[in-house]
Amino acid sequence: MSKDSIGNREKRREYHTAHTIPYIGIIIAEGLFSLFGWIATGNMLRNVKKDAKTFNNSKTFAYIAYMVAFCIWFFGFAIVGAEWCAMWQSQVWNGQQVAFNITEVMIGFVILVSLRDRELTDG
């Protein structure tokens, strides 16, 4: 076995590790987004018939969930994936526009959730 083949095997192992760690990080971040989203859903459903202040206070985990989603899709894919990994150069693997679309949807949901509810009055 030549020295070249050993060096190439080590480079492949380093290359594999360099991709596996961010991949696992993305999976963990998406899991956190899902977890916080479900917690927010439960909190909001539990408080939907209560007073407006209680319902507004139950939105905390929704903000956290959308912050995590924004970090995943905007910073993770639109910035790091597009620039550092040169995703924009690929005709097949260019997910830059999809990342922006998902980011826009998340921003829309944050705006919707952040609308303050007021007490309903008869009259």
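Predicted model: local features only at pLDDT ≥ 70, side-chain atom pairs only at ≥ 80, totals over all residues.

Student: Why is Leu35 called partly exposed?

Tutor: Buried means under 20% relative accessible area, exposed means over 50%, and partly exposed lies in between (1.4 Å probe, protein chains only). Leu35 has a relative accessible area of 45%, and therefore counts as partly exposed. Its place is in helix α1, where a helix is a DSSP run of H or I with at least four residues, numbered from the N terminus.

Student: What makes Trp38 count as exposed?

Tutor: The relative accessibility of Trp38 is 64%, so this residue counts as exposed. Trp38 is also found in helix α1, and between its C-alpha and that of Ala65 there are 9.0 Å in space, although the two residues are 27 apart in sequence.

Student: Which residues form the nonpolar patch on the surface?

Tutor: The patch is formed by Tyr23, Ile24, Ile27, Ile28, Leu32 and Leu35, with about 570 Å² of accessible area together. Patch residues have over 30% relative accessible area and no salt bridge, and nonpolar side chains (Val, Leu, Ile, Met, Phe, Trp, Tyr) are joined within 5 Å. A salt bridge here is a side-chain nitrogen of Lys or Arg within 4 Å of a carboxyl oxygen of Asp or Glu.

Student: How much space lies in the largest pocket, and what makes a set of points a pocket?

Tutor: About 480 Å³ of space lies in the largest pocket. Among the 13 residues that line it, His19, Pro22, Ile26, Gly81 and Cys85 are the closest to its centre. A pocket is an open set of points on a 1 Å grid, where a 1.4 Å probe fits, with protein on both sides within 12 Å along at least five of seven lines, and lining residues have an atom within 4 Å of a point. Helix α1 gives the most to this lining, with six residues.

Student: Which elements supply the lining of the second largest pocket?

Tutor: At least two residues each come from α1, α3 and α4 (96-114), and the largest share, five residues, comes from α1. The space in the second largest pocket is about 180 Å³.

Terms used
Residues numbered from 1 in each chain as written. Heavy atoms only, no water. Points joined across faces, edges and corners; volume = space filled by probe spheres on them. Patch = residues over 30% accessible without salt bridge, like charges linked within 9 Å, V, L, I, M, F, W, Y side chains within 5 Å. Areas by Shrake-Rupley, 256 points an atom, 1.4 Å probe, with all protein chains shown as cover.
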